[in-house]
Amino acid sequence: MLLGRTANGLYWMNRYIERAENMARLVDAGLRMALTRTQSASEEWNSVLLSAGSDVAFKQKYSDYTAADVADFLLRDTSNPSSTMSSIETARNNARMVRTALTRETWESINEAWMSLKRMLARPIDERDLPSVLDAIKRETALIRGSFYGTMLRNEIFDFSQLGTYVERADNTARILDVKYYVLLPSISWVGSTLDNYQWESILRSVSAHRSYRWVYDADYKPTNIADYLILNVRMPRSLTFCYRFLSEHLKFLGDDYGERHACHATAEKTQAMLRAGSIKDIFDAGLHEFLAGFIRDNTRLGDEIAQDYRFY
Amino acid sequence: MRLAAFDEMLPEVSGLRRPYSAYDRWLKEQDPARLTEKMQDAERVFRKTGITFAVYGEQEASERLIPFDIVPRIISGNEWRRLTQGIEQRVQALNAFLDDIYHRQEILRAGRVPRDLIAKNEAFLPEMIGVRPPAGVYTHIIGVDIVRISEDDFYVLEDNARTPSGVSYMLENRETMMQLFPELFQKIKVRPVENYPQLLRQSLAAVRPQSTKGAPTIAVLTPGSFNSAYFEHAFLADQMGVQLVEGQDLRVVDGHVAMRTTEGYKQIDVLYRRVDDSFLDPLTFRPDSALGIPGIMDVYRAGNITIANAPGTGIADDKAIYSYMPEIVEFYTGRKAILGNIPTWRCSEPDSLKYVLEHIHELVIKEVHGSGGYGMLVGPAATKKECEAFAKKLAAKPSNYIAQPTLALSTCPILTEKGLAPRHVDLRPYVLVSDRIQIVPGGLTRVALKEGSLVVNSSQGGGTKDTWVLDD
């Protein structure tokens, strides 16, 4: 038996842990672009902020896009509710609230991540330290994930946690693709300029997939392959299909355990069926942007339905 | 301020006391540098596990640790037996008093306690008149604060009959000591306290409503994660294997209190609440309370839920009632109180007020409804100006205060940078009441870390120690 409020806390705890890490990854990819291509750096930082869903808030505070300001805003600014620091703080507050549902190892890893990031992000980050800060953020979230997977019982507590992780991750991957969808469109990709290569690598880097891509496809970057990898590949842990495979699985466990199906089950299955049946050609033919916009909308609805069906509030 | 205090390990007159002899032998073999290291280890353990408490009114550092001292406070088996007899008697009297006060009020008719003291007391809940809680128990979980001033003299400083806190520290302190010094526990037979959560669970199950079918569903009610004692609420729920609920999780469904789960509303039979009376039910008490459950008092009156501790138990541990405890104990148990009270001046009485105002620099003066060491004056430690300011407050509303002599609380050594140094301590054993009374051998020893200080409250710079009751 699980309280609705506890399920809610677990769900958001994991969304925010995922988000804390995604912010670091986005800054990492932006940094790489800015280092390799100084001319359009501000445009790249704009894309990063768009992917993070933080563009509007950023513009209210700053007039120009500089690496230092964007990194500060996305990593340590506590007035930005999605920054790594805010996210880890929210994750920890949720973890504190649901503490009785967590193993000691999981709670301690979250508490320690919070303590160590709070210390590290207390002062503005020197540009020279940025790479090591990004590494540290990824390491802390990896430790949380490790303790979580290593010690948690695979029950409803685990299911609600995973739902949070995969809803957030699917949203993140879809946004990254949508911000850059135009560089993946065939009309541009035929040109295959150096610029495009950088852009493509940046997309892969923001989902930590620039190396694994080469293991699956040939060494050349092809826009259809990149889109295929991030949308349809079943084994790529940040692809939309991968996320929905697990969303459906955990929803099914819950449905079987409780002996009751809800609206969220239908929504997740519909998206999963669509991803399974689709080919990348179909998606491009129907319009990549339209596909992604629809996906993000449905994914948000799934989150709302989970909250309602399982009495989060 | 210096008081000649009785040291529980090394009294000046008689030398090392027996309960400490084995520990002392071990201590002398230890490398001081290693002990200092262990002290730091202990702090790391506490911070990592998040055993913190919130301090009201401090914006920064809103989560702090209660300092932990690694020298245990040791009580012999004999001393403990004496204490438990006194505590049991007192707890029986407290429950009998509550039952009487909310029913026939014999003790008022007999004139042993003034009627005004009850009727005009905010801690007295008229809503509880005539209500008989399940199993007839009012105060289920009690923390009795005890001080010692000599080899044989123990006094009760305060009865905490509402929602005593600190038991998680008793358990974590022991856990930490066992991690730091496993070899000590092989050498010295210390009675275990670890089973407190099981005992608490059994005790709560035993006082379930009569109508409960099958195993009762138990939950701990917390005001939420921003409450200063939240760690303890979560800890106890976790250790007992029951749900930790907030008011927003609960509502009254079909005459029962039920919690919102992922599968719908589920009935609760026993609620261990860590929310004050006035916040419990916005329909009965404070209408602005968002922490409680509208209608829970109706369910309670119908006998469909056990609330532990019962609403209205505050009338038994009120500081104004405290001074009548010797009479109360005798009235209900027919015997003189085994554990004494500290002599107390009720400032509401003109003669007492006069005495207190004349001797303000010698006395400890407390607010009747205060707790946690807030709003009190320790005369001998206060400046002349502070005394004068306090005297004005006192004269303006005498009935709000009681006064007690400044006692030379016993001391126990703590480990400082310069080695062992004596500090004043008190003791809070935890008592569970169901169809029987159980006292876990141990308790929370609070220690005033500042040299000479008599205020042991954690909110005022106090620390804690592991408390050992020897198996002898």
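The lining of the second largest cavity has, by class, six nonpolar, five polar and two charged residues. Here nonpolar covers Ala, Val, Leu, Ile, Met, Phe, Trp, Tyr, Cys and Pro, charged covers Asp, Glu, Lys and Arg, and polar covers the others, Gly among them. This is a predicted model, in which local features need pLDDT of at least 70 and side-chain atom pairs count only at pLDDT 80 or more, while totals for chains, interfaces and linings use all residues. Residues are numbered from 1 along each chain as its sequence is written, chains are lettered from A and ligands numbered from 1 in the order in which they are written, and side-chain values use heavy atoms, with hydrogens and water left out.

**Stop 1: the second largest cavity**

Select A:Val48, A:Ser51, A:Lys180, A:Ser202 and A:Ser206, which lie nearest the centre of this cavity among its 13 lining residues. A cavity is a set of points, on a 1 Å grid over the protein atoms alone, where a 1.4 Å probe fits but cannot get out, and lining residues have an atom within 4 Å of a point. The volume is about 90 Å³, taken as the space filled by probe spheres set on the points, with grid points joined across faces, edges and corners.

Next, colour α1, α2 (41-51), α8 and α11 (194-206) of chain A, each of which supplies at least two lining residues. Helices are DSSP runs of H or I of at least four residues, strands are runs of E of at least two, and both are numbered from the N terminus. The most comes from α2(A), with four residues.

**Stop 2: the two domains of chain A**

Colour chain A by its domain assignment: domain 1 (1-152) and domain 2 (154-313). These bounds come from an automatic or database domain assignment. The second largest cavity draws at least three lining residues from each of the two. Over C-alpha atoms, the centres of domain 1 and domain 2 of chain A are 20 Å apart. In contact are 30 residues of domain 1 of chain A and 34 residues of domain 2 of chain A, where contact means heavy atoms within 4.5 Å.

**Stop 3: the largest cavity**

The whole structure holds four cavities of 30 Å³ or more. For the largest, with about 110 Å³ of space, select A:Asn14, A:Ile17, A:Glu18, A:Ile144, A:Arg145, A:Phe148, A:Tyr149, A:Gln162 and A:Thr165. Two or more of the lining residues come from each of α1 (4-36), α7 (130-151) and α8 (156-179) of chain A. The largest share, four residues, belongs to α7(A). By class, this lining has four nonpolar, three polar and two charged residues.

**Stop 4: strand β6 of chain B**

Move to chain B and show the side chains of β6 (residues 218-221). B:Ile218 and B:Val220 point one way, B:Ala219 and B:Leu221 the other, and all are buried, meaning under 20% relative accessible area with a 1.4 Å probe and protein chains only.

Four bridges link β6(B) in the parallel sense to β11 (residues 270-273) of chain B, with B:Val220 opposite B:Tyr272. Three bridges join β6(B) to β7 (residues 243-245) of chain B, also parallel, and B:Ala219 stands opposite B:Gln243.

**Stop 5: B:His369**

Finish at B:His369, in the loop between β15 (363-367) and β16 (377-378) of chain B. Its relative accessible area is 47%, so B:His369 counts as partly exposed, the class between buried and exposed (over 50%). Leaving out residues up to four places away in sequence, B:His369 touches B:Asn121, B:Asp318 and B:Asn400. B:Ile338 is 31 residues from B:His369 along the chain, and their C-alpha atoms are separated by 26 Å.

Notes:
On a 1 Å grid over the protein atoms alone, a cavity is a set of points where a 1.4 Å probe fits but cannot get out, and a pocket is an open set with protein on both sides within 12 Å along at least five of seven lines; lining residues have an atom within 4 Å of a point. Two strands pair if DSSP finds at least two bridges between them.
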